[in-house]
2 protein chains.
Amino acid sequence: MKKNYQILLAKWVITVNPEFEILSDYAVIIEDSRIHSLLPAAEISELDFYHQAEIFDLPDHAIMPGFVNSHTHASMSLFRGLGDDLPLMDWLNHHIWPAESRWVNTEFIRDGFELAAAEMIRSGTTCMNDMYFYPDIVGHRAQEIGLRVVVGLIVLDFPTVWAKDADDYLHKALAVVDEIKSSPLVTAAFAPHAPYSVSDQPLEKIAMYSSELDLPVHMHIHETAFEVSEAEKNTGMRPLQRLDQLNLLNPNLLAVHMTELNEFEIERIAEAGVHVSHCPESNLKLASGLCPVARLQVQGINVCLGTDGAASNNDLDMLSEMRTAALLSKGLSGDARSCNAQQAIQMATINGAKALGLSDEIGSIEVGKQADLIALDLNALNTQPVYDPVTQIVYAANSRQVSHAWIAGSCQLADFQLCNLDEDKIRHKAQAWRNKIKPFDQEPS
Amino acid sequence: MKKNYQILLAKWVITVNPEFEILSDYAVIIEDSRIHSLLPAAEISELDFYHQAEIFDLPDHAIMPGFVNSHTHASMSLFRGLGDDLPLMDWLNHHIWPAESRWVNTEFIRDGFELAAAEMIRSGTTCMNDMYFYPDIVGHRAQEIGLRVVVGLIVLDFPTVWAKDADDYLHKALAVVDEIKSSPLVTAAFAPHAPYSVSDQPLEKIAMYSSELDLPVHMHIHETAFEVSEAEKNTGMRPLQRLDQLNLLNPNLLAVHMTELNEFEIERIAEAGVHVSHCPESNLKLASGLCPVARLQVQGINVCLGTDGAASNNDLDMLSEMRTAALLSKGLSGDARSCNAQQAIQMATINGAKALGLSDEIGSIEVGKQADLIALDLNALNTQPVYDPVTQIVYAANSRQVSHAWIAGSCQLADFQLCNLDEDKIRHKAQAWRNKIKPFDQEPS
């Protein structure tokens with residue numbers, strides 16, 4: 001079969017390889033879904049397939065790996081702004097959970113996922129780690145759209161629209177694993193919601209299945225001080241201690257939030273190889289607590305970044321999340337060198353790939369890896385002049401400067417336009433849901 | 001003389017008036033430089049001047065007051081990214097001050113100011129409070145461009161390119177006050193740099209002149225713990241105590257940063273009517289400290305927002321600054337209700353106007369005030385659907401959604417395009433400065 005070649009000529013290529021090389025006036029060459037080679041721009045005409053390749057001229061642009069959003073609830077984008085300026089448990093109990101039980105169905109999942117997928121691709125995210133209902137629908141639609149997704153096999157003790165009890169959730173989880181087996185862009189992770197919403201028996205089964213199938217476990221853990229103190233009251237243990245007893249602390253675990261950690265716990269998760277998904281904007285907005293990122297990094301723990309859902313952020317913008325993470329780490333640690341621009345970019349790309357077990361395939365620009373790439377146009381006023389493209393991207397760039405995105409070599413965003421999604425249709429569906437969920441005549445004046 | 005009318009028809013008008021009214025399907029009517037009236041959209045055809053008015057149809061947009069950036073060093077935009085991931089004194093001593101003494105001249109000031117002005121208008125800022133060298137050039141160019149600027153009459157003890165000693169700075173300051181008298185868009189504030197860089201005698205004179213001329217005093221104060229402890233060592237007093245003795249603590253003072261404050265100081269500045277300019281992104285990036293915004297607000301202190309210069313932020317984006325301020329206040333106070341979306345918008349608009357003595361003229365959409373307005377297009381995917389335009393702007397909108405800006409009734413941004421500034425020319429000048437300041441052959445590989 002004839003191969004498909006694309007040559008991306010860029011001012012800068014930020015490889016995020018282990019040496020964090022920055023290449024100037026370089027070409028990234030894509031063969032089908034993978035990175036074929038990296039060459040000085042001046043040498044591309046020597047390539048055998050030069051004349052059959054599609055060439056993208058990106059003279060003011062930086063190419064970097066696409067963002068890996070390591071924690072989100074994509075379909076919740078339809079609840080964006082439904083309850084703001086509220087703490088976590090009030091927001092969940094009085095706004096989000098009632099809305100979910102009233103509105104979530106297969107159509108909601110599909111429309112919400114598409115809204116999130118479009119927003120993510122538009123802002124440079126090429127892979128998301130999702131946790132929500134109907135992972136089968138999400139996986140199916142992700143493959144159709146062409147977005148790389150780790151679908152979350154949600155598990156809860158209580159019944160929802162997706163399953164009736166823990167056994168049913170697990171049964172459906174394994175069915176989804178089977179369903180997505182042949183999908184090149186979709187993988188799965190077990191997604192027990194949180195220590196307080198999933199009991200020991202299903203968690204033990206998840207530990208076992210995760211080990212047998214080598215699948216990640218994606219879970220909210222130690223999100224707030226309240227969660228930890230309630231667990232101590234109810235179980236006599238902090239949640240991490242309980243998860244340790246249930247054999248969940250291992251390199252398959254992606255622990256999300258982790259705002260409440262003592263020194264012993266930090267050492268234990270470092271030793272166990274647990275990954276941490278830091279969601280700074282959601283943690284701040286819900287006043288959930290503050291993840292001690294600098295302390296985790298000192299211990300060698302792999303920290304990646306997530307936006308969380310749009311209902312608690314309220315956008316799905318990884319560039320802005322990266323900036324918030326870098327700024328917050330400096331402010332909290334009192335060290336301006338903490339979470340420097342290079343580390344911030346690693347957190348938003350390769351570290352997410354590692355946490356999801358995908359770092360052999362994505363997260364950096366290296367020959368042989370999947371071509372999950374984005375280009376940022378640094379010609380905008382807010383990123384001029386450019387002394388250093390890396391700090392400029394982290395501290396000054398706006399996600400609207402993402403001009404192009406490729407996922408597995410397929411161009412998903414070209415010159416700021418989505419290639420495979422219809423923005424108007426997505427917007428109209430979102431507005432229709434809005435009018436159903438909160439009719440205008442019920443608004444306070 | 002024939003009057004000029006503009007009618008802006010918007011989905012939402014966020015007035016930021018004392019009642020914080022949100023008007024739906026409303027028109028803002030501009031007569032010359034001022035807001036003539038606010039009317040339901042359905043009633044505009046009854047206006048006498050309807051047929052001669054220019055009509056802007058903004059069906060998916062929110063109109064709000066333009067942002068007031070209460071602390072910046074505009075021309076430093078040419079140093080954006082010159083030194084990142086560094087603490088304040090290292091950054092100043094080894095990067096910024098050497099670069100300033102080598103490069104700042106009248107051409108640098110003009111080119112840097114234009115780059116900043118363009119970025120600001122593009123992102124919805126209609127008034128900036130500047131502090132840098134050559135306020136005469138800044139004032140002159142601001143009036144030509146059509147941007148509202150409070151020029152900072154910089155005062156330092158040591159010689160710079162602008163003046164040779166404190167008396168010379170003051171002499172030049174008074175000359176600038178005289179020069180800008182007839183400029184409708186330009187006013188002035190005394191801008192003694194900081195307690196550690198200006199001695200008692202010039203500060204006493206500034207207190208006197210500020211009172212006589214009723215001009216604001218714009219000063220970095222208590223930016224870091226180091227500043228406070230050094231002052232205690234050198235003067236036996238904390239800087240605020242010294243400024244109090246010098247009669248500077250009064251409603252003309254806009255104290256910038258204020259990260260180190262004890263309870264006594266908070267009470268004292270509340271009682272004195274001092275305004276505080278909070279610059280969260282700069283404070284985080286330089287790890288300078290954290291301004292206790294929630295505690296200040298409880299005491300009734302007027303807190304406004306600033307980006308600081310682009311060399312320490314690294315953008316001049318007030319929408320992002322507003323979000324950072326709201327999120328950080330929640331995170332630090334542990335209260336998700338702290339700095340809610342309404343308060344965040346007030347900080348970014350009317351509170352800045354109050355701090356600059358301009359709140360009779362700008363900062364809210366009220367009949368008779370200057371028409372300093374912006375429109376945001378909320379149709380973007382990241383702000384869909386809209387349950388509440390106010391929280392959507394603060395927590396989800398991107399500054400690239402600012403579609404229009406008017407300053408004193410003059411349209412400065414229309415359909416995302418700058419009306420009075422040449423982006424390409426500004427960009428080329430910025431790139432020429434970059435190549436002079438840090439030639440590519442001197443870059444580390």
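Predicted model: local features only at pLDDT ≥ 70, side-chain atom pairs only at ≥ 80, totals over all residues.
1. The contact draws 64 residues from chain B and 64 residues from chain A. Together the two chains bury about 5300 Å², and carbon and sulfur atoms account for 56% of that area.

2. Now for the charged and polar pairs. Six salt bridges are found across the interface of chain B and chain A. B:Asp85 turns up again here, as its side chain meets that of A:Lys330 in a salt bridge, 2.6 Å from N to O. The interface also holds 34 residue pairs in polar contact.

3. Which elements of chain B give two or more residues to the side that touches chain A? They are α2 (106-122), α9 (280-285), α11 (318-333), α14 (389-395) and α15 (423-437). Of these, α15(B) gives the most, with seven residues. Sorted by class, this side of chain B has 28 nonpolar, 17 polar and 19 charged residues.

4. Finally, the symmetry. Chain B superposes on chain A by a rotation of 180 degrees with 0.0 Å of shift along the axis, at an RMSD of 0.0 Å; that is the relation of a two-fold axis. The same surface serves both copies, since 100% of the contact residues of chain B recur in chain A. To locate the axis, look for B:Arg400, whose C-alpha lies 3.5 Å from the axis, the closest approach of any residue of chain B.

How values were computed: Residues numbered from 1 in each chain as written. Chains lettered and ligands numbered in written order. Heavy atoms only, no water. Contact = heavy atoms within 4.5 Å. Buried area = accessible area lost by both parts, 1.4 Å probe. Salt bridge = Lys/Arg side-chain N within 4 Å of Asp/Glu carboxyl O. Polar contact = N/O pair within 3.5 Å; in protein donor to acceptor, adjacent residues only side chain to side chain. Helix = DSSP H or I, 4+ residues; strand = E, 2+ residues; numbered from the N terminus. Nonpolar A, V, L, I, M, F, W, Y, C, P; charged D, E, K, R; others polar. Least-squares fit on C-alpha atoms with pLDDT ≥ 70 in both.
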